[in-house]
Amino acid sequence: MFVRKLKIKSMKKLFFALVLIVMHEHSFSQKITVDKIDDFTGAHIVETSYAKISDGFNCTLRKIDGRCYFSTAYNCGDEIYSAKEGAEFMLKLNDGEIIILNNLEYAVADYWSSGAPAYLSHFVLKTEYLLSPSQVAQLQSTEISVVRLYTSEGYIERIVSERNAKRLLKLFNLIKML
């Protein structure tokens, strides 16, 4: 009888562990969050969930009538950064190729707060870039290893972990150029 209760407890623990693993993986999976036709313009809009580039650095993709936009959000902490229109964002791929994107408009970091204690507030610099069909094709087939964002204070460079590189590859493969 004792052995049977022990097996049931072990099975319950295993089941809950598997549920937590599946929920964790699903919460960090890349997915389409918007896929609609705009009522006013008739434009087909597709947007993805955010993906982590590195600590404090996230991105998302948006496709409007075949044009693909790459948006980034950088957690500046208590610093305020800006990025000029045309400022470069460089993506170094695992094969050594470097993709250079240009910021579409002037951006300055916005203050963000979770509404909780002050330690959960910071400045966020949001930038946006237009991707060509050939750049999208490269990013769908080759992982990103390093990124560099040029700001008013110089540049911010981050190494992309192998795990995040795989997630970014999945993100780019969600948006197919027509």
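Modeller: What follows is an account of the salt bridges and their partners.

This is a predicted model, in which local features need pLDDT of at least 70, side-chain atom pairs count only at pLDDT 80 or more, and totals for chains, interfaces and linings use all residues. Residues are numbered from 1 along each chain as its sequence is written, and side-chain values use heavy atoms, with hydrogens and water left out.

The structure contains five salt bridges, each being a side-chain nitrogen of Lys or Arg within 4 Å of a carboxyl oxygen of Asp or Glu. In one of them, Arg62 pairs with Glu128, and their closest N and O atoms are 2.1 Å apart. This pair links distant parts of the chain, since Arg62 belongs to strand E4 (residues 57–64) and Glu128 to strand E11 (residues 121–131), 66 residues apart. Helices (H or I, at least four residues) and strands (E, at least two) are DSSP runs, numbered from the N terminus.

Arg62 is partly exposed at 21% relative accessibility, and Glu128 is also partly exposed, at 22%. Here buried means under 20% relative accessible area, exposed over 50%, and partly exposed in between (1.4 Å probe, protein chains only).

A further salt bridge joins the side chains of Lys166 and Glu162, at 3.8 Å from N to O. Because these two residues are four residues apart in helix H3 (residues 162–174), about one helical turn separates them. Lys166 is partly exposed at 40%, whereas Glu162 is exposed at 57%. Both residues belong to a network of salt bridges that also includes Glu143.

Finally, Lys52 and Asp55 meet through their side chains at 3.1 Å, N to O. Lys52 is partly exposed at 33%, while Asp55 is exposed at 60%.
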